[in-house]
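Good morning. Please look at the model on the screen while I go through how its parts touch.

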Amino acid sequence: MNTISETRTKSLLYLEDVSVSFDGFKAINSLSLVVEPGELRAIIGPNGAGKTTMMDIITGKTRPDTGKVIFEDTIDLTKKDEADIAQLGIGRKFQKPTVFESHTVWDNLELALNRSRGVFATLFYTLTAEDKARIEEILVTIRMTHRKDEYAANLSHGQKQWLEIGMLLAQEPKLLLVDEPVAGMTDAETAETAVLLREIAKTRSVVVVEHDMGFIRDLGVKVTCLAEGSVLAEGSIDFVSSDPKVIENYLGR
Amino acid sequence: MSFKAKLGGALLAAALSTTAFHGAFAADDTIKIGVLHSLSGTMAISETTLKDAMLMLVEEQNKKGGVLGKKLEAVVVDPASDWPLFAEKARQLISQDKVAAVFGCWTSSSRKSVLPVFEELNSILFYPVQYEGEESSRNIFYTGAAPNQQAIPAVDYLAETEGVERWVLAGTDYVYPQTTNKILKAYLMSKGVAEEDIMINYTPFGHSDWQTIVSDIKKFGSAGKKTAVVSTINGDANVPFYKELGNQGIKAEDIPVVAFSVGEEELAGLDTAPLVGHLAAWNYFQSVDAPVNAEFIKTWHAYTKNDKRVTNDPMEAAYIGFNAWVKAVEAAGTTETDAVLDSIIGVSVPNLSGGTSTVMPNHHITKPVLIGEIQADGQFEVVQETAAVVGDEWSDYLPDSKDLISDWRKPMECGNFNVATGKCGGKGS
Amino acid sequence: MTFRIFSGAFVAFLLFACAAFAQGTDPKPLFNQLADANFNAAEKLVAEIAATGNPRVVPALNAFSEGDLYFRKSDKAVFAAKAAGSQLELIDPVTGESAGQVAKSAVTKIKVNNNLRRAIRAALGGLTLMSPDRGARLSAADAILRAPSAEALELVEAALVKETDGEVKARMEEARAVSLLSSDRSVDEKRAAIETIAGLGASGLGVLNSVSGTIDPGLKPDLDAAIASIQNEQQLWNLAQNVWYGMSLGSVLLLAAIGLAITFGVMGIINMAHGEMVMLGAYSTFMVQQVIRENAPGLFDWSLAIALPVAFLVTGAVGFVIERGVIRFLYGRPLETLLATWGVSLILQQAIRTIFGPTNQEVGNPSWMSGSFPLGGMTITYNRMWIIVFSLTIFFALLFVMKKTAYGLNMRAVTQNRRMASSMGIRTPWVDALTFALGSGIAGIAGVALSQIDNVSPNLGQSYIIDSFMVVVFGGVGNLWGTLVGALSLGILNKFLEPSVGAVLGKILVLVLIILFIQKRPRGLFALKGRAVEA
Amino acid sequence: MITGFILRALEGKIVIAVGILLAVAIIVPALNLLTPPDSAFHIPTYVMALMGKYLCYALLALALDLVWGYCGILSLGHGAFFALGGYAMGMYLMRQIGSRGVYGNPDLPDFMVFLNWKELPWFWYGLDMFPFAMAMVLIVPGLLAFVFGWFAFRSRVNGVYLSIITQAMTYALMLAFFRNDMGFGGNNGLTDFKDILGFQVQAGGTRAVLFAMSAFMLALCLIVASAITRSKFGKVLVGVRDAESRVRFLGFRVENIKLFTFVVSAMFAGIAGALFVPQVGIINPGEFAPANSIEVVVWTAVGGRGTLIGPIIGAILVNAGKSFFTGAFPEFWLFALGGLFIAVTLFLPKGIVGTIQHGWNARKALKAAADAEKGRDAGAAPTVQQVQAAE
């Protein structure tokens, strides 16, 4: 109890005793988790461990049955919806890359820019020089400057993943939740993605959910292993992967 | 760009008026008449028969040598049970096809929709269906029954012959039943029927679950007084209504139902054995025993090549309207609207119940009212026939219309003359 | 205009006034007078005929009531008649012997109206009270129950003495009680009669009400109490009746929706042609009945049983063709299936209109679908009852197919994950087509049932399509139980709203409630929850 | 800011369409009024009335395109907004009849008189004033859309469920307006109009002006719709259509976006209804029929959804076809219409305009790709603005 109240004062995201069930099935079972400012955290766990549901809870898509979800020590996320939470500074990348396929890469980024998102503000929005510079900067970061006028539908799978990450950057979040960023990527792309994520984590907190142990190793950060809706083990990758419970539940199978 | 637009507009106009060009070439040796009945959509069920009847009448007339030495040509269009489309098609018939007169419409909505068109373009519409009254147009002839040619005699029959003292007025929720029931309620109360002895009930179009209402009627009928139902239920909903009546064991001897919208055509979809004795009031039944009727039925069966096709009251109304128009055109020597409007008033033509019908100055016609009981073979048996009754467009039982009369002869030429104020309404006060 | 009151009492009065001198007269000349009589005169003649007390006139009076009494044009002799080919066979009204066959044109039908029928019924009641036939006695007692008169009292009492059959006797007791009320018997006897009538329930209410104005003031409290007790009892039955009507309406909705629960609910096709499948089923019934009427009239009571497989196969086949021809190109584009199937529905409607004409077709009710029986204070009609049974049978049969058979498993596998299913060796196109055919076929057999209570016209389907969608959406797409619960609850809700706000407003309110309900539970009553739904 | 918003709308195709519409607005009435009836250039009143009707339908289809084509909300209840706008106009026109009604009652429309209504219901107040009535044309459909959308979008009712409840909405309204007790004339509706703003409704000049107004309003709404769809808001809209949850997680309030679009679209539909009524001379509950709303969906699909121009072309083509078939081959009209639906969904899923545009874009993209191949390093790729212009 003591440690929790201590960390609480300096945490960016703080989950305590969160549970949620669907039709009797407990997807999340008294889960507690703390993410500190500027932290890059990896989360692993077998299928159905509740990784995506946890993200759903943090981003307001699913309401927990019980428990607290606190952002920046004061904001109760369970009372907010997705748009509120996104505006607070939590970005999310889906498991399946989700970009606007009928828009160009440029437009995708323009829409994601952290500007006023009201109906009338968007109706009368015109692209400023500042915004233009910002988009070009992001294009460089995600290495897509030469494809900026391409429709997103025409991008490869890996490029879509990157574009989505770019959109999250444009959103300028304080916390970035990334769900399986390297699924379907080539080894080269995977390595490059690891570099990109580490780069991003310099300025904000990032939580990565991933199956690819090699990738997690590349990241070299603190790892949390989930199983059946609660935390099984937490620590460095070597520590976690040697935990017998983890081996039984996840790695061993 | 403007050239392009002009070209586009002209092309569109040309595409739309192909029928018109076609019409213009044929116009010299024939007289065209329009047939404006829905052939698709919800009203097709009733109106298609009238289209066939009109085509038969035209064919028969042509066999007799046509009109004014010219053949008649029927122009059939389909307003598809869509009321604005009725107005569009009426306009097309009059201004593009240049028809001399139009025979058509079934619902009041469709008539109301085309009325301004006929008045604007000064043409003639013959409307062959019973309706709620409260209308009189210079350009429309109402050959169906007004409420006093159907509803009131039917109620009289029930009260006098069957001793009915308690009334259920059941109808579909639209203007015809609402108005008819208002008139009937005022009429019954003027005859000393107490308000608690009248039950009024409305149902939506196409209502198919009558269990509650039939059992309510049963309850209403158990107050110890002879009870009858006056039904203004619209066509489609009647089949399930009668089925429910039959199944719940309500016999005509206990609670008779008199209907104003149920004719031979509606009964064709029903097993009528449990319904024997329920009544309908019309101006014509197929079973009427008259030589002219037998002849008409024979022609109809021959024309449709189906000796099971029934005839009904709106067909008789169309028959009267058509013959009156032919006679008026021959008297006027032209199909010019104004001349025909002039000559048609007072024209008498045989109706199918063995008498004659006369076109009155109020553009309604005289006809007898027949009360018929449903028979097991789907026909009606006439149990009472009145003398010819003049259609009364402005009901005497509605407070605001009892002072109104209509007379389209010169010099009055007014559809709604107020005898109390001595003014013709509708032309500004 | 004056309201003349003609009632059973008046007829019966005539009957007995004449009884004194008419007993033993020959009824034959009386029958012959009917040839020239108008309705009023005929009514008197019927009373006189009955007063002869000659039981042999019963068949002729029955024939009169059915409209089968004619007079010969040549000599105005009156006969009962029945059809014999294109001719009529004449039957002597008194002796019942055949008097040869004549052409229809040689005779004229003697008209009958409701009053006459009532008079005949009352007359027959008096004549057949002592008939050796139990059924005849029972219906005679019924006739008096329906048209009570003080004058029938003695006849009933005389019959009661001889009656041995328990049920007939009870019915006669009731007939005696209702007749007694309007007689001049003693107050005590009347009080007992009121008690008997109070036990009759709703059907006794009319009699009690009708004497309420004229009754002995001393009996007034008893009468009012009896009326009140019947009304109280009725109130309770009303509740039961509303539930029953609601279930009945619900079963119709269920029938209409159940096929849609497969094509729309399980397969995700917004099948606007669903209503037309119901219509095709109804027309199949019509065709089957036509064939039976012409070739084997004796089988008519079996017509629905024969129509069921026919309708299932016909509409199933049409559904199969639609799936192969149109829908299979549209999987994954649900909103576009709406457009295409709506086009299909227009074509089917117009095709039926072109083939059969726009008017209603007559689909008859087999005898076991007609009529009703009383259950306490309510009337249960056979057709509604069978439809409830039928719809539940279909529902559970379908549930069985979906949950317990290999085909059902395949079907669910395909609709849940097409790629996975096909890689497991399931022939997905075949399963799709069969599933759609199954949904259509079930709509077709629903049409067989609906042909019994509604119009059989090209517009039949249109009147059910919106309601069907409401039911499926309300119950929760993809859940058969939801469709069942949705249909029944909407039916009952509708029937409870109807008496208080009227049928029109009731329907509007139900729609508004559905709209509001969907806001509360965007995926219906029985929604699937969890992650998978969003994917 | 506003000028930027409007200027952005005026892209090539839209300019052409608006130009054509404005030209039609002038030329058709001119040819109708100024040329003698036997001239080859004369456009008969009948044809002008018909074209006026098509233009109203086109506007209705445009309204639907805004929500369906751009926002992915398939409304099966747009006929309701159209009819409500029509009723607002119809009520104004009824009040204009004044004491010229058959019963000479200065306050009550005829149908109220013969059904024994004693006074005007409150919701008829003020509709005798043109500006108020015109405000109602926008406000009533807008308000219904707002209330309906507020609940539906907040509860995230979408896809098929939304379509079905919009259908329930228009069906319930149809039943309600059929009731005589509602005070809207029951199934007969409102008809026999006399004049509008003091001009006779049936007069040639009035008809010409109404026609011109229809074309003009269609052009105006087209510009507004184009401005909306080409703004950043429009891009968000398409985002909602294609990947709603992504828009949500980017921090946009999807329900507000949908609500705004739905309300604007309902208002467009209301305007269309208001222009429709004086030209056809009747408004009745049949306009609420669910089948009518489905037909609007079909026009939009035929023309090509998400293209703005497409629905206009679709509405005009289908209705011209309807006018032709119901006159020439009445029995075949439903076969033709039904066949058209099936053919369009199977063979032209993008609609006429969508298919043409797609083909054109594909060619252009091919060419652009070839260009890019040639000079990628030189930075010769087309600018964003150029690509947008090609959309």
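Two residues are in contact if their C-beta atoms, placed from the backbone, lie within 7 Å. This is a predicted model: local features need pLDDT of at least 70, side-chain atom pairs count only at pLDDT 80 or more, and totals for chains, interfaces and linings use all residues. Residues are numbered from 1 along each chain as its sequence is written, while chains are lettered from A and ligands numbered from 1 in the order in which they are written.

I start with chains B and D. Among the five pairs of chains that touch, chains B and D have the most contacts. On the chain B side 55 residues take part, and they are in contact with 50 residues of chain D. A word on names: helices (H or I, at least four residues) and strands (E, at least two) are DSSP runs, numbered from the N terminus. The side of chain B that touches chain D gets at least two residues from each of α1 (2-16), β2 (71-77), α4 (83-96), α5 (108-121), α7 (175-190) and β18 (414-418) of chain B. Which element gives the largest share of that side? It is α1(B), with 10 residues.

For classes, Ala, Val, Leu, Ile, Met, Phe, Trp, Tyr, Cys and Pro count as nonpolar, Asp, Glu, Lys and Arg as charged, and the others, Gly among them, as polar. The side of chain B that touches chain D has 21 nonpolar, 21 polar and 13 charged residues. By contrast, no contact joins chain A and chain B, and their closest C-alpha atoms lie 31 Å apart.

Now chains C and D. Here 32 residues from chain C and 35 residues from chain D make the contact. On the chain C side, α14 (334-356), α19 (462-475) and α21 each supply at least two residues. The largest share of that side, 13 residues, comes from α14(C). By class, the side of chain C that touches chain D divides into 24 nonpolar, five polar and three charged residues.

One helix pair across these two chains can be described in detail. For the angles, axes are lines fitted to C-alpha atoms, for helices over the stretch in contact, and angles run from 0 to 180 degrees between N-to-C directions. The axes of α21 (residues 503-520) of chain C and α7 (residues 159-178) of chain D come within 9 Å and cross at roughly 155 degrees. α21(C) and α7(D) are therefore roughly antiparallel to each other (angles over 145 degrees count as roughly antiparallel). Their crossing is left-handed, a term used if the near helix is turned anticlockwise from the far one by less than a right angle. The residues of α21(C) that meet α7(D) include C:Val504, C:Lys507, C:Leu511 and C:Ile518. Among those they meet in α7(D) are D:Tyr161, D:Met169 and D:Leu175. The residues of this helix contact divide into 15 nonpolar, no polar and one charged.

Next, the domains, whose bounds come from an automatic or database domain assignment. Chain B is divided into domain 1 (17-145 + 298-365) and domain 2 (148-288 + 371-390). The C-alpha centres of these two domains of chain B lie 29 Å apart. Their contact takes 19 residues from domain 1 of chain B and 19 residues from domain 2 of chain B. On the domain 1 side, α3 (44-63) and α12 (313-332) of chain B are the elements that give two or more residues. Of these, α3(B) gives the largest share, three residues.

Chain D has domain 1 (2-349) and domain 2 (353-391). Taken over C-alpha atoms, the centres of domain 1 and domain 2 of chain D are separated by 36 Å. In chain D, 10 residues of domain 1 are in contact with five residues of domain 2. Helix α13 (residues 309-328) of chain D gives the largest share of the domain 1 side, three residues.

Last, a sheet in chain A. Two strands pair if DSSP finds at least two bridges between them. In chain A, an open sheet of six strands has the order β6-β7-β8-β3-β9-β10, with mixed pairing. Its edge strands, β6 (90-93) and β10 (230-235) of chain A, each pair on one side only. Strands β7 (residues 175-179) and β8 (residues 205-209) of chain A run parallel and are joined by five bridges. One of the residues in bridges here is A:Leu175, whose partner in β8(A) is A:Ser205. Helix α2 (residues 51-58) of chain A packs on the sheet, and its direction makes about 150 degrees with that of β7(A).

Note on methods
Parallel < 35°, antiparallel > 145°, perpendicular 65-115°, else oblique.
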